[in-house]
Structure formats: C-alpha cells, structure tokens
Amino acid sequence: MPLFISLKVSLLATLLTVVTAVPTAYGLSRYLSCHRGRGAALIDSLLLLPLVLPPTVIGFGLLWLLGAQGPLGFLATNVVFTWRAAVLTAFVVSFPLMYRAARAAFSQIDESLFGVARTLGASEWRVFYQVALPLAKPGMLSGVLLSFARSLGEFGATLMLAGNIPGKTQTLPMAVYFAVEGGDFRTAAQWSGVMGAIALITVFLANYVSDLSTLPTLTFPLMTPPLRKDSPEEEVSRSSTQDFLAQTEQQGTPSKVIPSKVIPLTVDITKTLSRFTLRIQFSTSDALIGILGASGAGKSLLLRCLAGVETPDSGRIVLGDRILYDSDRNINLPSRQRKIALLFQNYALFPHLTVAQNVAFGAKGTDADTKRQVSAELAAVEMAAFAQHYYPHQLSGGQQQRIALARALVSRPDLLLLDEPFSALDVHLRSRLGQQLFQRLAHYSGTTLLVSHHLSEAYRTDQLLVIDQGEVIGQAGPVEVFERPHRCAIAKLTGPLNQSSAYLVGPDYPIEPDSGLCLRADDWQMTLRLSPTSEIPSEMPSLTSSLTSSLTSSNDSSSALYIGIRPENVFFVTGKKYLNFREVADPTAKIAYQPAKPNQLKESRQKSKTSAEIPIKTQLIKENYTDANKALCWLADICPQPGNYVLSLKLHHEPTHTTDYHLQAIVTPHTWAYLSQQPLPWTVYLPPENLIVLRP
C-alpha cells in the first residue's frame, strides 16, 4: 500500500509541476529577453526558495496557510491530513527542480530562432509549442524525472501537512521511518531497497535523456542523399521538382511571378544600446535598396528593428500605408503582423525540423499549396534532394544559408530583409545564386533591403544607403555613390582608396584660367590640380573667402578636407606614355602571368639611381604647369593578386621598410613586366579627373 500511495502522489505532483513550472519558466525567460532582467532576480529567488528551505519549514508554512485560522483555512477540511496534502507538499518541493531545468533548457535556445519564427507569421502559442518545447524537450524530460524522484522521497513537509495515516497518507519514506521506529528493520530494509531502485532508475534515465541533446552536434554531415525506395507520393513530388528545375533553368525564376509593385518605406528611429546609438532616418520608393557599412555600423540592428525583433526607443516606421511602429501614437505591431521576412546572419534554421519542414514553416495556404511552394523554393536554391531526410546540422554552411533564403522567400513578405545572404558561399555558387536572386527580386512584389559587403552586389541595387556609426551618411543611386562618394567613410566602403588630408593652396600659387582648383595633399607632399568639373563638397571653404584663413583653419574638423584616388587610377609616366591598370605598356607582348619572385623587389631597388643623381623633390616645380600632379616614387612593396599586381609606392624618398609608403597602385602583369625593367625612381601621375575631394 505505501508503494501505491507514493507512486500516485509522485505522479500527480509531477504532472502538476510540469503544467505550472514549464509555462512559468518560459514566461520568465521571455520577460528576461524583453526587459533585460528588471525584477527577474527577485522573482527567480522566490520560485527557487523551496529548494533551500528545510522540508519541515515548508510543511509548517503550508499548515499555517491551510490551517483553520489561516488565509486559506476554508480549504483545510478538504486538504489537510488527506492524500491531497501529500500531493501538495510534493508539488511545492519539486517545483523548483522542474522550473530550474525548464528555465535552463529555454535559455539555451538561440534567440534568433524565436525572432525568425515570429517574422514568418507564427503566433506566440505556435512559437511555444513548435519551437521552444521541441528544442527544450531533453532538458525538460530530465527535469520531469528529477521532480518525480524528489516527490517520491519527500518526507518532512508531508508528515506535517498530511500526517502518517496508513492506507491514506503513508508514503514510502514515512513507512521506512516508522518501521525503524517500531523496530521492524526488515520491513524498513525492503522499502528502502524499493525506493533505492526507483531512484537509481530515475536518475539514470535523467542523465540518459540529458545526453541525448548533444547527439545531433556529433553527427557528421552527409553530402549525398541516402539510397532508398521512395513512396508513390515522394515519386510524384520528385518528378514535379525535376520538371520545375528544368523550367527554372530556362526562365531563371522559381515560379510564376507577380508583377512588381514598389512598396514605399519610411524609417526614422532611434535605438540606444550600452555603447552604441542607432539614429536612422531615410525614405525610399525603390524596390531594391542596398545597405553598405563597416562592421558594427548598425546594419543588422536596423534590420532587426524593422522586423520587430528589436524595439526602437523612439521614432516611426511606415511600410506602404501601414504604420509598423510609432512611439508617439504607441503603435508597435508584433513581428508576425508586419509581413516582413528577415534572413539572419547565423541562418537561424530550426535544428529539430527537416529541410522541407524549415521552409514550410513560413508557407501560407493549403497543404497542397505549401508542398508546391516548398518544392519550388528548394528547387530554386538547388536543395530539393535534401528536403525530406536532412536536418540543418547535416548541411554545410552554404547549404544552410540557401535553406534560410528559401524559407524567407516562401512567406511572400511585403518587405524582405537580407543580411549578407551569400556570405558563406564559394565564389562560383555565389555568382550563380546571386544572379538568380536578382532575377527573382526584379519580379518580386515588394521591397527588399540587402546588406552586403560585396561591391558587385551593392552596385546592382536601385538605391544605396551608406551607414556609419549608426547614422545614414549617404543615400543615392549606386553609380553616384561609387563614383562621387564625397565622404571618406563612403569612399573606403566602395573600394580601395589612397587618401591624404588636404587644403586649398595659398594665393601665391599660379592658377591658370579654367584649370580648376588646386589642393595641397599634406600626407603626399604634393600640390594637385583638380579637374574643372570636379564636384566640391558643400563644407569645402569657398574661394570667395580668405584663402589665408582657409589655410590657418585647415586643422578645424568642420572645414577639414581630404583628397583621394583609387589605386587603379594611378598612372606611371614613361617617356610620352601614361600607364595604369587599363593602359598597358605593350598589349601585343605575350607575357605569362607569374607571381612576383622573393628577390624581385630587391632587384628593382638595386636598379634605383643614387640620391646624388636624382635631386630630392619635396614639392612640384610651380613654374612648370605640365609637372602638376606628378611626383617621383620608389617601390616599397609588391603584392601579386589574380590578374594584377598591387604596388606600394613611397613618394619623394626611398622607403625604409615595406610598410613605408604613400600610395598603392594596381597594374596589369604586362605593365609590371615593363616597369620592373625600369630604374627607380619612377614618375607617378595622378590625373585631375580621377581625384576625389572628400570631407570627414
């Protein structure tokens, strides 16, 4: 009889513990993620208090609470000294174990999985039972078994609240205690053995279940589908996928597309983190917007705010005719209602779902529509063969990224946010899938924001946003951004750049009519003539002001200027020829491309003329206007690259080491073969039309 009572009490208490502890743990974990833990320590301490209190104290507290004079005394006749009291005490002492195990299991789940589920339209209930529960299942099963073991061994609190009534409230621990007290050691030993066996089995199962959670990470990737006989339904699906692949190869699109419809986007938000503030303000009506910015500039944070994964501190987000966020009007649509899909940098694939199930998570419509959409999207990213029998941990990084892209596109969002969608792909696959993606986006009925460090991808967008330190510092078409950056940060993001601080030259320098302005490049010790068509930043000091004051205020950050030139636009003067990356010395000569030899730099330097033969020039000869933008240079270092060479050049003086240089120039193998035969110093020429005037 004590065994039956103990099992009944323990099972009921464990069931009650699971029903209450799991939602409590999940709710508190969500509260922590949203409110950064305000008040969480106090709540957590109260919930874990029974874990450290003596059982007799817990029993006394429950007895006072349910006593005749207690707050819940009206329940005393139905609870105290009944089997219900035993269930209640077992529940109170086992609750902290279940709560702590569930809380730990939920906290180990990647937060981006919750975010991506919401952006795909999942409700909070669906996120809980389709994402949180399956991923936390091993940890929670371990908590269930430990809670059962703790309920089975409860003694002190049960004795005070339920008493020791044989056949009604006498559990195994009390049977052992009173058997020893009565001198019946044989009975005590029998019951102790039963309890020990149950406890051992329970702890073993808890450890076994806990170890199951680590098994998927130990599975090696399988790069070919398993051989097996497909069911008739799978044969039909595979046949449809093959037909679809053929259609995709011919048309370059995954399915019958909807005519493009641009959805305007207006963003004006502020988000402050511990050491970073995002202040973004822009408005666009283009279909494909590229976002450029250095690491840590706030690009990913901007996308998370748009998707509703992060909440801005203030501002407004409007997509089409829908207000997604407005702090003044207290509007903040949840992610599932925004119709925005976000491709996270870490892909955020659901590890417990197959490839097909991951993609189907964001699909909408009937089961037949879902199957068709999933097959289409997987075929478009060349992953149809991995649909049914593969999980994310069995795929490579590039394959995972393609699955994440298919999942984002299958939801047909109004706004598609792509955060480096091809960063994990090899060059060949990136080019092929990138071309296909842009073809699809051309017919995509919505707006797309593409974050990419790949300049060729950014150049194919309709408009570019350049973000630096949390602010938009440039917004224009890609041609204008790349060719007329106007700011140092933009110029560096759009390609390699030689840069020097600069200021307007004094009035004593002869400026020929219509020859353009002249700047002095401090770092290069050169006076450079600009093209008459050169665009001057608005912050540049005007010629109508005193040039002398411009010179004296050149250190002022508000009027600071910089001059820049791309390495491919640096020319070398050889006789009457001007050679650069596009102009070769002898295009007809057959010169095989070979990497630079280790001693080639030393041999080039040995050909250098002595300093007695070449007068050191720290400034161009002003009397000879044809010498403008020219200077002597020495080779500091050479770096071979596929199809070209990068030369590091020191102006006016010989370099002391390989990092002692002013400019870098890119030349073809033909040009390098010619230059390497010429004695140093060479003459470098910076064409006025290729100079870029920049501001900080």
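Guide: Happy to! This is a predicted model. Let's start at Phe106, which touches Val22, Ala25, Tyr26, Ser29, Phe128, Ala132, Leu133, Ala136 and Met140, leaving aside residues up to four places away in sequence.

Visitor: Which residues have the most contacts inside the largest nonpolar core?
Guide: Phe106, Leu302, Leu417 and Leu449 do, in a core of 77 residues.

Visitor: And which helix gives the most to this core?
Guide: That's helix 5, residues 83–107, with 13 residues.

Visitor: Switching to strands: which way does strand 10 pair with strand 3, parallel or antiparallel?
Guide: Parallel, over five bridges, with strand 3 covering residues 288–293. Within that region, Gly293 has Ile467 of strand 10 as its bridge partner.

Visitor: How many of strand 10's residues are buried?
Guide: Five of its six, so to speak mostly covered; the strand runs over residues 463–468.

Visitor: New topic, then. How far does helix 15 reach?
Guide: From first C-alpha to last, helix 15 spans 20 Å, close to the 20 Å expected for its 14 residues, 367–380.

Visitor: Which of the residues in helix 15 are buried?
Guide: Among them are Thr370, Gln373, Val374, Ser375 and Glu377. Just after the helix, Glu382 takes a positive phi of about 60°.

Methods: Residues are numbered from 1 along each chain as its sequence is written. This is a predicted model: local features need pLDDT of at least 70, side-chain atom pairs count only at pLDDT 80 or more; totals for chains, interfaces and linings use all residues. Side-chain values use heavy atoms; hydrogens and water are left out. Helices (H or I, at least four residues) and strands (E, at least two) are DSSP runs, numbered from the N terminus. The expected span of a helix is 1.5 Å times one less than its number of residues. Buried means under 20% relative accessible area, exposed over 50%, partly exposed in between (1.4 Å probe, protein chains only). Two strands pair if DSSP finds at least two bridges between them. A nonpolar core is a set of buried Ala, Val, Leu, Ile, Met, Phe, Trp, Tyr and Cys residues joined through side-chain atoms within 4.5 Å. Contact means heavy atoms within 4.5 Å.
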